[in-house]
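User: I would like to go through this structure by question and answer. Please start with any term I need.

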Amino acid sequence: MTDPRLQVNVAGLVLKNPLLPASGTYGYGREYLPFFTPDLFGAVVTKGVSTIPWVGNPPPRVYETPAGMLNAIGLQNPGVEAFISEAIPFLETYQTPVIVNVVGKTVEEYVAVVERLDDISVVSGFELNISCPNVKEGGIAFGTQPDCAAQVTAAVRKATRKPLIVKLSPNVTDITAIAKAVEQAGADALSLINTLLGMAIDLRSRKPVLGNVVGGLSGPAVKPVALRMVYQVYQAVSVPIIGMGGICSAADALEFIMAGATAVAVGTGMFHDPMLPRKILDGIREFLQEEKVENIAELKGIAHR
Amino acid sequence: MKQTEALILERTALGPGYYYYRLLCPELADKAKPGQFIEIKASSEETLDPLLSRPISIYRINPEEGSLAVIFKTVGRGTRRIAALQRGNKVSVFGPVGNGFMLPEEAGRIALIAGGIGMPPLFSLAERYPEKDFTLFYGGRSATDLLALDAWEQLGVPYKLATDDGSAGFHGLVTSLFEREHLAASFDYVIACGPKPMLKAVQQLAARFRLPGAISLEAYMACGVGACLGCTCATSKGYRRVCVDGPVFEISEVTFDD
């Protein structure tokens with residue numbers, strides 16, 4: 001059921017529709033099969049993949065907050081070799097492009113994951129999660145300083161010719177400075193936002209709820225912040241933007257596109273309703289019909305005019 | 001696993017904060033096994049808050065009627081929203097989720113140990129296997145926390161009660177009651193569901209008595225399908241997902257922190 005009005009181009013990838021899953025909310029695609037297949041999405045963005053297995057954070061790892069949730073999963077993943085032997089054969093059976101989200105504790109680790117996956121044809125591109133702590137810089141996230149963000153982007157850029165997307169952290173003073181730095185370092189596209197750092201305290205135990213003390217806030221509660229950042233970054237860079245942060249409806253998705261996103265991702269919204277991706281696509285189609293829009297690209301950044 | 005709009009056939013308040021719901025959801029009732037749970041949406045169609053569905057264990061499975069029954073306790077915003085739903089309302093649910101109980105063939109004399117709202121999944125298990133010899137040990141704060149005793153009676157499963165305040169049955173912990181009774185009854189299998197301190201005590205007793213068994217856990221959950229890794233528990237095999245690797249685990253596998 002392809003609809004030419006929904007087709008978009010992100011970093012050279014032709015996507016049949018502008019909807020992706022946000023990394024970490026969709027595993028490697030298998031878990032949502034009771035509700036829809038990976039082919040529903042314009043592309044699949046995988047859960048983060050590291051060089052060796054990461055065990056993740058101690059529980060509790062998630063906690064609901066008003067119109068949102070905190071998570072501190074700790075990027076638990078089986079490592080790139082298990083990803084190749086277990087997830088790739090599954091994803092290969094579908095048509096939709098696969099964008100592998102890459103995590104690391106050092107620049108070398110990011111590069112190693114990308115080099116290992118670069119020759120695998122089903123991998124269409126990479127998304128760098130630069131919200132990981134940089135162990136060589138005292139654990140400060142790569143994505144919070146323009147030079148660190150640029151450094152990891154440039155190093156990965158040298159390792160692959162495949163489309164390179166960099167996912168920006170919102171936990172910064174000026175997200176446009178980071179956006180410009182990674183664009184200059186060779187990013188083909190940007191995705192934003194990652195989660196906003198937050199926490200919760202349990203009154204009975206007098207202690208932080210999350211095992212990791214702090215965690216990332218996501219869901220509808222963060223949407224206005226995410227939308228503002230997409231709007232600002234659109235003005236600052238010329239590479240395409242994948243917008244995300246609390247998208248729970250077609251209207252939300254369209255807002256991000258009007259703010260400047262070429263594509264959008266749904267994450268926590270799927271936890272609210274596992275059928276949400278299908279509903280968003282139906283809703284976008286309905287809107288294009290009602291408003292007589294020939295192609296969704298016509299709406300991109302329209303709020304700036 | 002299926003998502004559907006379930007019609008509420010029956011709603012009964014069972015006591016302070018406890019509710020019984022019978023939901024018409026034939027596709028789920030067809031597939032459900034004892035020990036599994038369903039995710040019930042806690043928000044109305046128009047709101048996104050509370051955002052996440054609530055995992056609620058299945059109390060009775062009736063494939064002929066196409067219904068599932070649940071019993072839950074209101075503990076926060078989500079469960080209070082669900083408890084406001086009335087007979088004739090529809091509610092969005094998906095499931096069944098989880099592995100469910102695996103009762104080994106050789107399990108003969110089976111002790112079921114329930115703490116508070118951990119009772120419902122044990123009922124679905126006992127109802128599924130009428131030929132097995134179950135005894136229920138059921139603990140709660142007070143007599144009003146011990147639910148559906150008439151249903152257990154109809155099922156013909158003997159039960160022994162324990163309350164923290166002594167208002168019903170044994171005055172003290174259900175695990176102390178079980179420890180005392182086991183010496184005479186010599187169970188050969190134990191299945192427990194309840195709060196973590198109780199499960200930890202059951203695990204220690206099972207180790208001491210060399211009893212095989214299983215425990216059913218609960219956890220904060222986000223996706224409810226196994227994708228987000230938010231509900232993991234520590235086990236001897238590393239972090240495992242309570243939602244789809246559990247909620248039932250082999251009794252010695254789970255690592256409880258101190």
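Analyst: Two residues are in contact if their C-beta atoms, placed from the backbone, lie within 7 Å. The model discussed here is predicted.

User: Which residues does B:Leu68 touch, not counting residues up to four places away in sequence?

Analyst: Residues up to four places away in sequence are not counted here. B:Leu68 is also among the residues with the most contacts inside the largest nonpolar core. Its partners are B:Leu23, B:Cys25, B:Leu28, B:Ala29, B:Ala32, B:Ile38, B:Ile58 and B:Ile61.

User: How many residues does the largest nonpolar core have, and which helix gives the largest share of this core?

Analyst: In soluble globular proteins, nonpolar side chains tend to be buried together. The largest nonpolar core here has 186 residues, and those with the most contacts inside it include A:Leu190, A:Val230 and B:Leu112. The largest share, seven residues, comes from chain A, from helix H5 (residues 223-236).

User: Is A:Leu288 buried or exposed?

Analyst: A:Leu288 belongs to helix H8 (residues 276-290) of chain A. A residue is buried if 20 or more other C-beta atoms lie within 10 Å of its own. A:Leu288 has 20 C-beta neighbours inside 10 Å, so it counts as buried.

User: How many Å apart in space are A:Leu288 and A:Arg5, C-alpha to C-alpha?

Analyst: In sequence, the two residues are 283 residues apart. From C-alpha to C-alpha, A:Leu288 and A:Arg5 are apart by 8.0 Å.

User: Which strands stand at the edges of the open sheet of chain A?

Analyst: Eight strands of chain A form this open sheet with parallel pairing, in the order S3-S18-S17-S12-S11-S8-S7-S4. Each edge strand has a single partner strand, so one side of it is left without a neighbour in the sheet. The edge strands are S3 (19-21) and S4 (44-45).

User: Over how many bridges do strand S7 and strand S8 of chain A pair?

Analyst: Strand S7 covers residues 98-102 and strand S8 covers residues 123-129. A:Val98 stands opposite A:Val123 in S8 of chain A. The two strands pair in the parallel sense, and the number of bridges is five.

Methods
Residues are numbered from 1 along each chain as its sequence is written. Chains are lettered from A and ligands numbered from 1 in the order in which they are written. This is a predicted model: local features need pLDDT of at least 70, side-chain atom pairs count only at pLDDT 80 or more; totals for chains, interfaces and linings use all residues. A nonpolar core is a set of buried Ala, Val, Leu, Ile, Met, Phe, Trp, Tyr and Cys residues joined through C-beta atoms within 7 Å. A residue is buried if 20 or more other C-beta atoms lie within 10 Å of its own, exposed if 12 or fewer, and partly exposed in between; C-beta atoms are placed from the backbone. Helices (H or I, at least four residues) and strands (E, at least two) are DSSP runs, numbered from the N terminus. Two strands pair if DSSP finds at least two bridges between them.
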